[in-house]
Amino acid sequence: MVSMAESLVRLSELAASPVVSKVASVFALAGFELSLVGGPVRDAMLGRVVSDLDFTTNASPDEILRVVTPISDAQWDVGRDFGTIGARVAIGNVSEMVEITTYRADAYDGVTRKPVVAFGDSLEGDLRRRDFTVNAMALRIPQVTLVDPCGGVEDLLAKTLRTPSTPEVSFGDDPLRMMRAARFASQLGFVVDAETQAAMSAMADSIRIVSVERMQIELSKLLCTDEPRTGIELLVESGLAQIVLPEVPALRLEIDEHHHHKDVYQHSLTVLEQAIGYEKSRHPGEAPDLTLRMAALLHDIGKPATRRLEPGGAVSFYHHDMVGSKLAKKRLTALRYDNERIKDVSRLIELHLRFFGYTEGAWTDSAVRRYVRDAGHLLERLHILTRADVTTRNRRKADRLGFAYDDLEARIAELREQEEMEAVRPDLDGNAIQRVLGIRPGREVGEAYKWLLELRLDEGPLGEEEAERRLLAWWADRAG
């Protein structure tokens, strides 16, 4: 439970930190109001790491820039139209990024995809237009006075997400706040109050006026929280996911009483949770892996389209990996993710079943090499995704799959050490192929190179002399 006394001590410590103290002093000297606002106030009170320093002021953007320039070594005004100036403030050995925004009073006009920007004239008015009460608190500095016009402290203590005004008004001002509710529920471990949840369901369709780019950013932030399951479930239950990421609610397949299969939706959420667990244990301290998490959530989205009810009560999903890969590419393209992420997520989904053939019979070294080659730079992510995909409650089966993957990783490590597998190349390059066969550059060189690569994968390194002998034999057979 958050202690109010402890929270106030943390706020005082934040106000006394070098960068915050310096920014506060120069704004006071210039005759402007200044407050820390939103996330840093909330996180300091919760005892969380404060990663962003967001300030609000009655100064205009031009005045902000004039005041902050002497104490910073870099400034950014890309947010000037929205009243925001960014700067890097350096005090001794301490350097931090800050964002300072003029009091705001803007809102959506209900038609366009961008808010209509309007500057406000009071801190209280600025706070009342914010998304949730726990983000509508400010710390006036240098006075160190907490300003909370909307009951944020009480909601913080109760771990509740509630809007400052009615949720209908708040979500009408900016429908993206409905997605932010899902993200904060996961990020903070808070519960969205019933009235707010009801409004999310009733107003879900209004998310369509928000730009795809803003929805994509919010979805990514949700997936990068420690426990995204809560937020994803809220998006699905409210109907927002049906608009933003419809492939996920589609995983809730109807279960025929005579046909039995795992709940694909709940399975996918469990795979996501387990992938995050492996990600943290195998790579402690690293930033959240959005590509891996996206692949984990979407790995089975091909199942609804490939579901077949078989005789005897079985259910099949043949080729759902290939279908899912294509669906993921289409959805992530629509959400305007970058090409590299789209390609990587789609490839992981395409490959996520490949390992299960390993448990059906011993793979040759050439099969292991192909697994590594096909995964390429995604191999570690594929390791994690494949392990996370085991959600069976049958302990014997889970252990068998786990031991099999341990064995596969051990074989990969052994072969990598022997052959540096990531750099597998034929024993002869294109120039050597042309020299040995006496041919010019063209299609035949490519065919010979591909044949030598397959030979290399099957048998390992041959040496240049043996490779030349095999190549000449292949060439002769081909000509004959």
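This is a predicted model: local features need pLDDT of at least 70, side-chain atom pairs count only at pLDDT 80 or more; totals for chains, interfaces and linings use all residues.
Colleague: Which side chain meets that of Arg 387 in a salt bridge?

Modeller: Side chains of opposite charge can pair when their charged atoms come close. A salt bridge requires a side-chain nitrogen of Lys or Arg within 4 Å of a carboxyl oxygen of Asp or Glu. Here the partner of Arg 387 is Asp 406, at 2.7 Å from N to O. Arg 387 belongs to helix H19 (residues 379-388) and Asp 406 to helix H20 (residues 395-419), so the pair ties together parts 19 residues apart in sequence. Asp 406, at 39% relative accessibility, is partly exposed. Helices are DSSP runs of H or I with at least four residues, strands are runs of E with at least two, and both are numbered from the N terminus.

Colleague: How many salt bridges does a search of the whole structure find?

Modeller: The search finds 45. One of them joins Glu 218 and Arg 180, at 3.9 Å from N to O. Glu 218 is in helix H10 and Arg 180 in helix H8, 38 residues apart. Glu 218 is buried at 3% relative accessibility, whereas Arg 180 is partly exposed at 22%.

Colleague: What span should helix H10 have, at 1.5 Å a residue?

Modeller: The expected span is 1.5 Å times one less than the number of residues. For the 12 residues of H10 (residues 212-223) this gives 16 Å, which agrees with the 16 Å between the end C-alpha atoms. Its buried residues include Val 212, Met 215 and Leu 219.

Colleague: Which residues have the most contacts inside the largest nonpolar core?

Modeller: A nonpolar core is a set of buried Ala, Val, Leu, Ile, Met, Phe, Trp, Tyr and Cys residues joined through side-chain atoms within 4.5 Å. The largest has 119 residues, and Phe 27, Phe 55 and Leu 298 have the most contacts inside it. Helix H8 (residues 176-188) supplies the largest share of this core, 8 residues.

Note on methods
Residues are numbered from 1 along each chain as its sequence is written. Side-chain values use heavy atoms; hydrogens and water are left out. Buried means under 20% relative accessible area, exposed over 50%, partly exposed in between (1.4 Å probe, protein chains only).
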